[in-house]
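This briefing covers selected residues and a surface feature of the structure shown below. Please read it alongside the sequence and the coordinates.

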Amino acid sequence: MLREGTILLVEDNPDDELLTLRAFKKNDINNKVITARDGQEALDYLFRQGRFENRPAHEKPVLVLLDLNLPGVNGHEVLRQIRIHEETSTYPVVMLTTSNESQDIHTSYELGANSFVRKPVDFEDFIESVGNILRYWLKINLPPMAI
């Protein structure tokens, strides 16, 4: 059984957002998905600011899928903010990006990414990769216990 809860998808490319949502559907993932289209919007959701100031405190993401190259606040800065705040520091963050630069990979792990996945170009490979990510984080992985 898959863990219920909200998935935060941080993706500025509408085509990649659509592909990711299709991959969810093809993999029978029915979790609520919130899409942030830039880094600031992601931070607003995570820290209940701006248009998300009324987000219920209990509606925390069970997974953050974070693109790296975002307008304004980039993925590395979003990740840095997630990790330095106690409230969000244990959220699982998967960098899901087109970058294959060794420096991007290194920096992502240095900042505390749980995983770094390069978006496959082939649609079927993309569906499979997203399915594997979601099965692992929503079914296999055990989340930190609430105190």
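Contact means heavy atoms within 4.5 Å. The model is predicted, so local features need pLDDT of at least 70 and side-chain atom pairs count only at pLDDT 80 or more, while totals for chains, interfaces and linings use all residues. Residues are numbered from 1 along each chain as its sequence is written, and side-chain values use heavy atoms, with hydrogens and water left out.

**Tyrosine 109**
- Not counting residues up to four places away in sequence, tyrosine 109 touches Asn114, Ser115 and Phe116.
- Helix α4, residues 102-110, contains tyrosine 109; helices are DSSP runs of H or I with at least four residues, strands are E runs of at least two, and both are numbered from the N terminus.
- Tyrosine 109 counts as partly exposed because its relative accessibility is 41% (buried means under 20% relative accessible area, exposed over 50%, partly exposed in between, with a 1.4 Å probe and protein chains only).
- Between tyrosine 109 and threonine 6 there are 23 Å in space, C-alpha to C-alpha, and the two are 103 residues apart in sequence.

**Aspartate 122**
- The loop between β5 (115-118) and α5 (123-140) holds aspartate 122.
- Aspartate 122 has 40% relative accessibility and therefore counts as partly exposed.

**Asparagine 141**
- Asparagine 141 is located in the segment after α5.
- With a relative accessible area of 19%, asparagine 141 is buried.
- Arg3 and Tyr136 are touched by asparagine 141, not counting residues up to four places away in sequence.
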